[in-house]
Amino acid sequence: MYLQVILAGLLAFAAACELPEHMKRALPTKTVIKNVHIFDGNQFSAKTSSIVIVGGMISNAPALGATNIVDGAGGYLIPGLIDSHCHVTSCAYLTTMRQYGITTALDMGTYPYSAISSCKGHGVTDIRGSGAAATVNGTAISKIPATPSLLRTVSRKAQIISKFSSTPLGPDPTTVAAIVEAAHEAGKRVISHATTYADYSVAEGAEVDIPCHVPLDAPINASSIASLISNKSTVVPTLIMMQSIVNNTGAPPIVYTSAAEASVSNMHNGGVPILVGTDANTSPFVPANPPFGSSIHDELELLVAAGLPPAQAIQGATSLAATKFGLYDRGAIKAGFRADLALLSADPTTNIKNSRSIQKVWVDGVEADIA
C-alpha cells in the first residue's frame with residue numbers, strides 16, 4: 001500500500017510538471033556525445049564517458065530526454081581549435097576552416113572590418129578581428145589594394161585586438177609605444193607583425209601583448225626571452241608561414257631551422273607561452289599563402305618538431321588561445337562553455353598528426369557536415 005502511494009505521488013508530480021506543448025517546442029535541443037575520451041586541457045580521460053549539449057552550451061544536465069545521441073565510438077573529444085592568426089577575405093573560408101576543426105578564427109588585418117563582421121552566423125566558425133593594421137606609407141601592407149595608406153589609429157570597432165606592423169620603414173619606436181598605449185587605454189590587446197630580430201626588439205620595447213611571427217634573420221635569444229617574460233607576452237610564431245616564405249624564396253632550409261624553428265625552441269624552453277596561428281591567406285601581395293583549415297595541422301606539427309609536447313601544442317590552439325585573447329566562453333570542455341568541439345578517431349597527444357583524424361565538428365552546439 002505504501003509503495004502504491006509513493007508511485008501515485010510521483011505520477012501526480014510528473015503530471016503537474018508537464019509543460020504545455022508550445023513551451024516544449026521552445027526548449028533548446030539536447031545532444032549527448034557518448035563513449036568518448038575527453039581532453040581536460042592536459043590529457044585525455046583514461047575511460048570513455050559522455051557530455052551533454054543543451055542548445056549551444058556544454059551542460060551538466062542529465063542525458064535523459066536527449067533528442068540526439070552521438071556514439072563517439074571510443075574517439076577523442078577536444079575543444080574546437082582556434083586559429084590565432086589568419087586573414088579572412090571571404091566568408092566561404094570559414095566553412096573550410098570548420099571542416100578542419102577550427103571553430104574560432106582570429107583575423108589579423110582585413111579591411112574594411114565589415115568584410116569579416118558580416119560573416120558571423122550560428123553554427124559557422126566564429127570570427128573576431130583587429131580591423132586594418134596600423135602601418136605607414138611605403139610598407140608592403142600599405143600597398144595592398146583597399147588598405148588605408150596612412151598610419152591608422154587604433155580601431156575601437158575591432159573586437160578584442162588591435163594590430164600594428166613593425167618594419168624598417170616604421171612606425172618608429174616612439175609611435176609604436178603610442179599605439180600600444182592608446183590600444184591599452186581602449187581595453188585592447190596589441191598584436192605586432194615582426195619578422196626580423198630588430199622588429200621584435202621594437203615590439204618588446206613597447207610591451208606588445210602578442211608578437212606575431214618569428215624572425216628569419218636570427219633566433220630569439222635569452223635577452224629577448226627575458227623581455228617577453230617581463231612583458232607577460234604571448235607569441236604566435238606562424239611557423240608554417242615562415243617555412244613557406246623560405247621555401248618560396250629559394251632560401252636554404254637552414255634559414256628556417258636556425259632562426260624560426262630555433263626561436264620557438266628557445267622561447268618554449270624559456271617559458272614563453274606559444275599560440276597556434278597560421279597566417280592563412282589568399283593575397284597575391286604576400287610571399288606565401290598557407291591554406292585555410294589544413295594549415296593549422298601543419299602548424300601543430302611544426303611546433304611539436306620545434307620542441308613543444310603535443311598536449312601543449314593543442315593547448316596553444318584551445319584553452320591557452322582562449323585565455324590570452326579573453327575568450328572566456330570557449331577553449332575547454334566544461335559546463336557553461338560554448339559547445340565548440342572536434343571528435344577525433346585517434347589520440348593527438350601520442351602523435352600530433354592525429355589532430356587531422358577529424359570525425360565530427362560542432363560549432364556553438366551545431367554539428368557541421370564535414371563529409
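User: Buried means under 20% relative accessible area, exposed means over 50%, and partly exposed is in between (1.4 Å probe, protein chains only). With that settled, is D340 buried or exposed?

Analyst: D340 is buried, because its relative accessible area is 4%. Do keep in mind that this is a predicted model, where local features need pLDDT of at least 70 and side-chain atom pairs count only at pLDDT 80 or more, while totals for chains, interfaces and linings use all residues. Residues are numbered from 1 along each chain as its sequence is written, and side-chain values use heavy atoms, leaving out hydrogens and water.

User: Where does D340 sit in the chain?

Analyst: You'll find D340 in the loop between α12 (319–324) and β11 (341–344). Helices (H or I, at least four residues) and strands (E, at least two) are DSSP runs, numbered from the N terminus.

User: Which residues does D340 touch?

Analyst: Contact means heavy atoms within 4.5 Å. Setting aside residues up to four places away in sequence, D340 touches I78, P79, G80, T103, T104, R330, W362, V363 and D364.

User: Which strand holds T104?

Analyst: T104 is part of strand β6 (residues 102–107). That strand belongs to an open sheet of three strands, ordered β5-β6-β7 with parallel pairing. Two strands pair if DSSP finds at least two bridges between them. The edges are β5 (81–86) and β7 (126–129); each has a single partner strand, so one side of each is left without a neighbour in the sheet. On average, neighbouring strands of this sheet are turned by 20° against each other, direction ignored.

User: How many bridges join β5 to β6?

Analyst: Four bridges join those parallel strands, β5 and β6. I82 stands opposite T104 in β6. A helix comes in here too: α3 (residues 92–99) packs on the sheet, touching β5, β6 and β7, and its direction makes about 135° with that of β6. Axes are lines fitted to C-alpha atoms, for helices over the stretch in contact, and angles run from 0 to 180 degrees between N-to-C directions.

User: Switching topic! How many aromatic pairs does the whole structure have?

Analyst: The search finds three aromatic pairs. Rings of Phe, Tyr and Trp (its six-membered ring) pair if their centres lie within 6.5 Å; planes under 30 degrees apart count as stacked, over 60 as edge-to-face and the rest as tilted. F44 and Y76 make an edge-to-face pair, at 5.1 Å centre to centre with 80° between the planes. They sit 32 residues apart, F44 in the loop between β1 (30–38) and β2 (49–54) and Y76 in strand β4 (residues 68–79). F44 is buried at 12% relative accessible area, and Y76 is buried at 19%.

User: What about Y93 and F292?

Analyst: Those two rings have centres 4.2 Å apart and planes at 10°, so the pair is stacked. Y93 lies in helix α3 and F292 in the loop between α9 (254–270) and α10 (295–305), so the pair ties together parts that are 199 residues apart in sequence. F292 is buried, with a relative accessible area of 6%.

User: Back to β4. What does β4 pair with?

Analyst: Seven bridges join β4 to β1, running parallel, and V36 has G75 in β4 as its bridge partner. Four bridges join β4 to β11, running antiparallel; there, P79 has L341 as its bridge partner.

User: And the whole chain: how many helices and strands?

Analyst: The protein chain has twelve helices and 13 strands. Of its 371 residues, 50% count as buried.
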